[in-house]
Amino acid sequence: MSKYLIIGGNSDIAIEFARILLKKNNEIILSSNDLEKLSFNVKKLEIEFNTKIKFLHLDIENLNSFDEIINHLDSDIKNLFFSSGYLEKYETNIKKIEYVNYLGPKIFIEKILRTRNLNKIIAI
């Protein structure tokens, strides 16, 4: 059994990955910028797997919040799964695409590796 932090926890891919992990008795912490939707998804998973699931607010665009979030994470997290992403459909918002898809994950990974010895980092 291992503990995973899932970033972008509201995505369909993240929810299905969480199901796979829970079936194998892993612990998960789901994170997202949309706490209302995340809370709903967590409740569904808790009922489905008869377990408690931690979740937290993480805005991957707010680079200044990473240190505080990492300092309050469970110390036994060994795996990180990124399922966050942004694709602007009707206009080109290059800055948001860059922050959500590249810069935010890159900086978060660099910062967490300074305090945690992770087994796996998976980014999709």
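Predicted model: local features only at pLDDT ≥ 70, side-chain atom pairs only at ≥ 80, totals over all residues.
Local features need pLDDT of at least 70 and side-chain atom pairs count only at pLDDT 80 or more, while totals for chains, interfaces and linings use all residues. Residues are numbered from 1 along each chain as its sequence is written, and side-chain values use heavy atoms, with hydrogens and water left out.

**Helix α2: extent and ends**
- α2 spans residues 35–49, 15 residues in total. (Helices are DSSP runs of H or I, at least four residues; strands are runs of E, at least two.)
- From first C-alpha to last, α2 reaches 20 Å, close to the 21 Å expected at 1.5 Å a residue. (The expected span is 1.5 Å times one less than the number of residues.)
- Asp34 caps the N-terminal end: a side-chain oxygen lies 3.3 Å from the backbone nitrogen of Glu36.
- Asn50 follows α2 and has a positive phi, near 50 degrees.

- Leu38, Ser39, Asn41, Val42, Leu45 and Glu46 are buried. (Buried means under 20% relative accessible area, exposed over 50%, partly exposed in between, with a 1.4 Å probe and protein chains only.)
- They cover an arc of only 165 degrees around the axis, so they sit on the same side of α2. (The arc uses directions from the helix axis to the C-beta atoms.)
- Glu36, Phe40, Lys43 and Ile47 are exposed on the other side.
- The cover over the buried residues includes α1 (12–23), β2 (27–32) and β3 (54–57).

**Nonpolar cores**
- The largest core has 21 residues; Leu5, Ile7, Leu58, Ile60, Phe66, Leu80 and Phe108 touch the most other members. (A nonpolar core is a set of buried Ala, Val, Leu, Ile, Met, Phe, Trp, Tyr and Cys residues joined through side-chain atoms within 4.5 Å.)
- α4 gives the largest share of this core, six residues.
- Another core lies apart from it, with 15 residues, among them Ile6, Phe17, Leu38 and Ile53.

Terms used: Contact = heavy atoms within 4.5 Å. Polar contact = N/O pair within 3.5 Å; in protein donor to acceptor, adjacent residues only side chain to side chain.
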